[in-house]
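Here is a set of questions about one structure. Each answer sets a value against its definition.

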Amino acid sequence: MLLPRWWELGDPCAWTGQGRGTRRMSPATTGTFLLTGEISNDPITFNTNLMGYPDRPGWLRYIQRTPYSDGVLYGSPTAENVGKPTIIEITAYNRRTFETARHNLIINIMSAEDFPLPYQAEFFIKNMNVEEMLASEVLGDFLGAVKNVWQPERLNAINITSALDRGGRVPLPINDLKEGVYVMVGADVPFSSCLREVENPQNQLRCSQEMEPVITCDKKFRTQFYIDWCKISLVDKTKQVSTYQEVIRGEGILPDGGEYKPPSDSLKSRDYYTDFLITLAVPSAVALVLFLILAYIMCCRREGVEKRNMQTPDIQLVHHSAIQKSTKELRDMSKNREIAWPLSTLPVFHPVTGEIIPPLHTDSYDSTNMPLMQTQQNLPHQTQIPQQQTTGKWYP
């Protein structure tokens with residue numbers, strides 16, 4: 001498949017080419033594959049996955065910051081992948097023209113036993129991002145600085161990992177801060193005295209106090225790479241002892257019983273009918289007893305309440321009748337009182353004829369319903385109240 005003019009496959013950093021789209025690498029090296037759109041300035045994004053699978057292999061990573069930047073496919077295979085061809089499907093999307101293109105990258109992983117690198121050192125570079133470190137010229141400069149300090153015969157980059165993949169934090173977008181990158185290199189000779197300076201007690205104490213250790217060879221890196229010497233890791237695989245121990249049978253370890261033999265089909269079936277009845281009948285009986293007790297309390301214990309409710313109307317009628325009787329007696333007693341009538345009830349003269357008008361009430365009149373204002377009248381048992389004479393002409 002021919003690639004379109006708006007993207008191309010860049011040259012690898014550690015892979016060796018065997019025909020277009022085929023690369024060879026070993027577990028002792030880090031492979032880098034550049035996906036670039038330098039031919040045009042169109043925004044291009046890439047999608048990578050293992051053929052037949054939705055994602056890439058666990059050892060292979062991919063990073064692309066923006067659609068206008070290059071995509072970088074990198075990683076370090078393990079010994080389990082030796083001899084297995086890995087086919088990576090790369091799909092490119094042009095975000096301006098909406099064109100797509102696909103290319104298959106075949107990676108053949110070879111064994112690294114012929115090139116052992118038992119001495120490995122991991123550096124943490126603070127002023128670099130992973131895609132910047134994966135550039136061939138930058139990685140070459142770093143390996144050259146390490147080679148001047150270490151003086152090995154063979155030196156390779158074994159693994160390159162972003163600090164974010166190790167649990168690091170995303171830096172603030174100020175002062176051009178970088179994420180940081182871990183670079184592990186391997187060599188065939190022991191570590192130099194300069195690298196061993198990190199292990200002395202004085203530098204270890206300074207690292208525990210978050211102070212920068214004193215390393216004599218730091219000036220060889222400082223021009224381009226800011227290394228955190230407190231995070232350097234030195235691994236000597238020649239002194240590593242195998243942790244595998246043969247299991248010695250003794251107490252607590254069961255003897256080998258051979259292969260597992262499942263039970264035969266001739267097992268006697270078990271009847272669960274009795275268990276079912278017990279499980280269902282006992283709760284049902286308890287619930288029934290509780291229901292009967294509640295029904296008896298609610299329905300059969302209400303005789304006293306009903307009798308009291310039946311007696312209540314009679315008591316109310318007797319009480320009402322007593323009130324009416326008492327009211328009538330009070331009214332009868334008020335009729336027989338020999339007291340002076342209020343002035344408002346005395347007889348008055350008719351304003352036209354001059355005749356005396358009798359009071360409005362009679363002896364049979366219910367005084368309890370008597371209005372407040374009545375006409376005045378002289379009663380036989382009441383003394384005449386003299387009226388004040390005014391000067392001037394008087395009219396009868």
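Q: What makes residues 276-299 a helical span, and how far apart are the end C-alpha atoms?
A: The span is 100% helix and 0% strand. The end C-alpha atoms lie 34 Å apart. Helices are DSSP runs of H or I with at least four residues, strands are runs of E with at least two, and both are numbered from the N terminus.

Q: What does UniProt list for residues 276-299?
A: The unreviewed UniProt entry lists a "transmembrane region" there. UniProt positions are given in the numbering used here, feature names are shortened, and annotations may be inferred rather than shown by experiment.

Q: What kind of model is this, and which pLDDT values apply?
A: This is a predicted model: local features need pLDDT of at least 70, side-chain atom pairs count only at pLDDT 80 or more, and totals for chains, interfaces and linings use all residues. Residues are numbered from 1 along each chain as its sequence is written, and side-chain values use heavy atoms, with hydrogens and water left out.

Q: Why is the link of Cys194 and Cys217 called a disulfide?
A: A disulfide is a pair of cysteine sulfur atoms within 2.5 Å. The sulfur atoms of Cys194 and Cys217 are 1.5 Å apart, so the pair meets the rule. Cys194 is in helix α3 (residues 193-196), and Cys217 is in the loop between α4 (201-208) and α5 (219-222), 23 residues apart.

Q: Why is the disulfide of Cys194 and Cys217 called left-handed?
A: The torsion about its S-S bond is about -85 degrees, so the disulfide is left-handed.

Q: Are Cys194 and Cys217 buried or exposed?
A: Buried means under 20% relative accessible area, exposed over 50%, and partly exposed in between (1.4 Å probe, protein chains only). Cys194 has 7% relative accessibility, so Cys194 counts as buried. Cys217 has 5%, so Cys217 is buried.

Q: What joins Cys207 to Cys230?
A: A disulfide joins them, with S to S at 2.1 Å. Cys207 lies in helix α4 and Cys230 in the loop between α5 and β13 (233-236), so the pair ties together parts 23 residues apart in sequence. Cys207 has 19% relative accessible area, so Cys207 is buried. Cys230 has 33%, so Cys230 is partly exposed.

Q: How many disulfides does the rule give, and what pattern do they follow?
A: The count comes to two disulfides. Their pattern is 1-3, 2-4, with bonded cysteines counted along the chain.

Q: How do you know that Cys299 is in no disulfide?
A: The nearest cysteine sulfur, that of Cys300, is 6.1 Å away. Cys299 has 60% relative accessible area, so Cys299 is exposed.

Q: What makes the nonpolar surface patch, and what is its area?
A: The patch is about 980 Å² and includes Ile278, Val282, Leu290 and Tyr296. Patch residues have over 30% relative accessible area and no salt bridge; like charges are joined within 9 Å, nonpolar side chains (Val, Leu, Ile, Met, Phe, Trp, Tyr) within 5 Å. Areas come from the Shrake-Rupley method with a 1.4 Å probe; for residues, only the protein chains shown count as cover. Tyr296 lies in helix α6 (residues 273-300). At 46%, Tyr296 is partly exposed.

Q: Which residues touch the most other members of the largest nonpolar core?
A: Of its 38 residues, they are Phe123, Met133, Phe142, Trp150, Val185 and Trp229. The largest share, eight residues, comes from α2. A nonpolar core is a set of buried Ala, Val, Leu, Ile, Met, Phe, Trp, Tyr and Cys residues joined through side-chain atoms within 4.5 Å.

Q: Why is the pair of Arg61 and Asp165 called a salt bridge?
A: A salt bridge is a side-chain nitrogen of Lys or Arg within 4 Å of a carboxyl oxygen of Asp or Glu. The closest N and O atoms of Arg61 and Asp165 are 3.4 Å apart, so the pair qualifies. Arg61 is in strand β6 (residues 60-63), and Asp165 is in the loop between β11 and β12, 104 residues apart.

Q: How many salt bridges does a search of the whole structure find?
A: The search finds 11 salt bridges. One of them pairs Glu131 with Arg65, with the closest N and O atoms 2.8 Å apart. Glu131 has 22% relative accessibility, so Glu131 counts as partly exposed. Arg65 has 40%, so Arg65 also counts as partly exposed.
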